[in-house]
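Visitor: Hello! Could you walk me through this structure, one question at a time?

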Amino acid sequence: MSKRSNVSYVKPAEPAFLKKFKENVGYKSGPTVETKRQQLTPVDSDSGPSDPEDEQPQVVVLRKGDLTAEEAAKVKQNAENSKKSEEPEPEDGKHVFRKPAKRSSGDTFAGLTATSSKKKKEERKEQTELSNSENKPKQVKNTSLLSFEDDGDDD
């Protein structure tokens with residue numbers, strides 16, 4: 001098992017004809033894995049609290065009640081402060097999950113109601129029974145119509 005953990009790759013020497021060809025063409029080798037590891041630097045996050053002035057939104061005051069640059073800065077600062085005070089991040093890095101607040105029965109969405117399939121089936125049966133009783137024409141016996149029943153009148 002210990003031999004497997006020490007497995008490494010040794011790149012073989014490049015053949016002479018490939019070296020000549022690369023020199024003639026002017027080939028430059030790309031970055032290797034080692035050079036990429038050396039070049040890798042931590043990237044600064046763009047979501048930092050301080051934005052450069054040229055990235056700030058431009059404030060235009062057209063009317064008397066519009067928000068000025070100073071008021072916008074105050075609102076932004078208040079929003080950041082309230083966000084920090086609302087949810088303190090755990091020091092150990094673990095997230096805490098809470099159960100959502102239960103909704104009361106009065107907090108239903110407009111036009112949405114939930115019913116069970118049993119109730120739906122019963123309602124459909126009632127509707128079909130009502131529609132069948134209303135739509136069925138009453139049978140009227142007309143003696144002038146031909147009848148193919150055997151009444152025994154024939155000789």
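Visitor: Where in the chain is confidence highest?
Guide: Happy to start there, and please keep in mind that this is a predicted model. The chain averages a pLDDT of 75, and 64% of its residues score at least 70. Confidence is lowest in helix α1 (residues 2-5), with a mean of 67. At a mean of 93, the highest confidence belongs to helix α2 (residues 16-25).

Visitor: How many helices and strands does the chain have?
Guide: Reading along the sequence gives the pattern α-α-α-α-α. The count that goes with this pattern is 5 helices and 0 strands.

Visitor: What percentage of the residues in the chain is buried?
Guide: A residue counts as buried when its relative accessible area is under 20%. The chain exposes about 17,300 Å², with carbon and sulfur atoms supplying 52% of that area. Over the 155 residues in the chain, the buried share is 0%.

Visitor: Which side chain meets Lys22 in a salt bridge?
Guide: In general, side chains of opposite charge can pair when their charged atoms come close. Searching the whole structure turns up 1 salt bridge. Lys22 is partly exposed because its relative accessible area is 26%, between the 20% and 50% cut-offs. With 2.5 Å from N to O, the partner of Lys22 is Glu14.

Visitor: And Glu14: what is its relative accessible area?
Guide: The class of partly exposed residues lies between under 20% for buried and over 50% for exposed. Glu14 belongs to that class because its relative accessible area is 32%.

Visitor: Which residues make the nonpolar surface patch of about 360 Å²?
Guide: One member, Phe21, lies in helix α2. Phe21 counts as exposed because its relative accessibility is 54%, and the cut-off is over 50%. The patch is made by Phe21, Val25 and Tyr27.

Visitor: Which residue just after α2 takes a positive phi?
Guide: Helix α2 covers residues 16-25. The phi in question is about 85 degrees, and the residue is Gly26.

Visitor: Which residues form the positive surface patch?
Guide: Let's begin with Lys121, which is found in helix α5. Lys121 is exposed because its relative accessible area is 53%, and exposed means over 50%. The positive patch is formed by Lys120, Lys121, Arg124 and Lys125.

Visitor: Which residues gather in the patch of negative charge?
Guide: Helix α5 (residues 117-135) holds one of them, Glu122. Glu122 counts as partly exposed because its relative accessibility is 42%, and a patch takes residues with over 30% relative accessible area. The negative patch on the surface gathers Glu122, Glu123, Glu126 and Glu129.

Key:
Residues numbered from 1 in each chain as written. Predicted model: local features only at pLDDT ≥ 70, side-chain atom pairs only at ≥ 80, totals over all residues. Heavy atoms only, no water. pLDDT = per-residue confidence, 0-100. Helix = DSSP H or I, 4+ residues; strand = E, 2+ residues; numbered from the N terminus. Patch = residues over 30% accessible without salt bridge, like charges linked within 9 Å, V, L, I, M, F, W, Y side chains within 5 Å. Areas by Shrake-Rupley, 256 points an atom, 1.4 Å probe, with all protein chains shown as cover. Salt bridge = Lys/Arg side-chain N within 4 Å of Asp/Glu carboxyl O. Buried < 20%, exposed > 50% of the residue type's maximum accessible area, 1.4 Å probe, protein only. Lys, Arg positive; Asp, Glu negative; His and termini not counted. Charge placed at Lys NZ, Arg CZ, Asp CG, Glu CD.
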